[in-house]
Amino acid sequence: MRGAMELEPELLLQEARESVEAAQSYRRELGHRLEGLREARRQIKESASQTRDVLKQHFNDLKGTLGKLLDERLVTLLQEVDTIEQETIKPLDDCQKLIEHGVTTAEDLVREGEIAMLDGVGEENEKLWSFTKKASHIQLDSLPEVPLLVDVPCLSAQLDDSILNIVKDHIFKHGTVASRPPVQIEELIEKPGGIIVRWCKVDDDFTAQDYRLQFRKSTSNHFEDVYVGSETEFIVLHIDPNVDYQFRVCARGDGRQEWSPWSVPQIGHSTLVPHEWTAGFEGYSLSSRRNIALRNDSESSGVLYSRAPTYFCGQTLTFRVETVGQPDRRDSIGVCAEKQDGYDSLQRDQAVCISTNGTVFVNGKEMTNQLPAVTSGSTVTFDIEAVTLGTTNNSEGGNFKLRVTISSNNREVVFDWLLDQSCGSLYFGCSFFYPGWKVLVF
């Protein structure tokens, strides 16, 4: 009885501890959910603010453009009125001048005649005879033709108010507000010096023609385009390790020019050290980040190895051939347990590789299964998994077995690779005997 009572406080204490731990865990989970709510609220408010700004700017631009177009049309119509007015007034002006000249002539003739008649008729009165002679030479019965009003243009503005209904109908249908983007980032996969971004379409009614992927460092204010195309996956290179990056994607509908709203930005980073080729090796020129090797025209030959054993089992190692040169049966792209100088190819012991003609070599032995020949743009991937970490008893030698899958041009070969010693990490390498070959590793 006493023993049970002595244990009871300990049980109570243990139960209290468990309750405290459960409460702490519950509080943490609630904190995570609160943070999720804050993120959701911020996303709604920020996207709503951005949408308002876009709408205001767009409609202000439309008003400015429409006002400019209306002003230009008004100027054109006013110029047309001026032209018609000037062309139709000119004959009237000419007729008016002719009439005014006739009025002046008639007034002068009346004045001269009245003076001549006041002098009376006499033999010596030459004024009256002169006036009579002058009047006989003037055609006082010839009157200029004045156009009737029915023959004179009457200008008017022909304005169709239906344009208001047409414009109103278009304006009322112009623009939409989407409450969610039609695409979303689905997965971020870290790679040495890069991140694979995968996205998917989430709106069944949206038919995508192209996608547009952007990224930025979390410390930057500006996104930059990194991919535009029809694929739903892209590897973003030049990623610094242990640095957060933001990614977003949008889409363009089939037959449309405008892009959809951006997806919800996703944050990703890579903890993997970037793959690099060994610098300073004669025969090869490297890019600034040392992840691209170009076989130059040096006569030196040999295997260009990685700077360090940065490939680990369970990962995917990818080589992309950017440009090609003349192939040679001794060419090689592959991985090895350790660097071994003195070889001109990875077609040797403790290495697996593929030649540019598609031949696969394991520990220097040619396999019967082949892959397609390597061409410009070809991607060669190595997936290696540890099968046996202990000693194996076999007649082929080797104490450790790795399962290797090499893929190229939608074909793959799978085989076991026996090593003399356990390798937690592997080197990669390449060898080409003619210039022009350029290989990117990631």
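This is a predicted model: local features need pLDDT of at least 70, side-chain atom pairs count only at pLDDT 80 or more; totals for chains, interfaces and linings use all residues.
Figure 1. W199 sits in strand β2, which runs over residues 194–201. Is W199 buried or exposed? With a relative accessibility of 2%, W199 counts as buried, because the cut-off for that class is under 20%.

**Figure 2. S431 and its polar partners.** Here we move to strand β20 (residues 425–431), where S431 is found. The relative accessible area of S431 is 0%, so this serine is buried. Which side chain does S431 meet in a polar contact of 2.6 Å? The partner is S332, joined to S431 side chain to side chain. The S431 side chain also reaches a backbone atom, the oxygen of D344, at 3.5 Å. Beyond residues up to four places away in sequence, S431 touches Y284, G302, V303, R330, D331, S332, D344, S345 and L346.

**Figure 3. Where domain 2 meets domain 3.** For orientation, the domain assignment of the protein chain gives domain 1 (25–140), domain 2 (183–270) and domain 3 (284–441). The C-alpha centres of domain 2 and domain 3 are 31 Å apart. At the interface, 5 residues of domain 2 are in contact with 5 residues of domain 3. Between them, domain 2 and domain 3 bury an area of about 440 Å², with carbon and sulfur atoms giving 42% of that area. On the domain 2 side, K191, L237 and H238 lose the most area to domain 3, and together these three account for 73% of what that side buries.

Figure 4. How many salt bridges cross the interface of domain 2 and domain 3? The rule finds 1. For a close look at a salt bridge, turn to D240 and R289, whose closest N and O atoms are 3.6 Å apart. Between domain 2 and domain 3, the count of residue pairs in polar contact is 2, both at pLDDT 80 or more. Sorted by class, the side of domain 2 that touches domain 3 has 2 nonpolar, 1 polar and 2 charged residues.

Methods. Residues are numbered from 1 along each chain as its sequence is written. Side-chain values use heavy atoms; hydrogens and water are left out. Domain bounds come from an automatic or database domain assignment. Contact means heavy atoms within 4.5 Å. Buried area is the accessible area (1.4 Å probe) that two parts lose on being put together, summed over both. A salt bridge is a side-chain nitrogen of Lys or Arg within 4 Å of a carboxyl oxygen of Asp or Glu. A polar contact is a pair of N or O atoms within 3.5 Å; within protein, one must be able to donate a hydrogen and the other to accept it, and residues adjacent in sequence count only if both atoms are side-chain atoms. Ala, Val, Leu, Ile, Met, Phe, Trp, Tyr, Cys and Pro count as nonpolar, Asp, Glu, Lys and Arg as charged, and the others, Gly among them, as polar. Helices (H or I, at least four residues) and strands (E, at least two) are DSSP runs, numbered from the N terminus. Buried means under 20% relative accessible area, exposed over 50%, partly exposed in between (1.4 Å probe, protein chains only).
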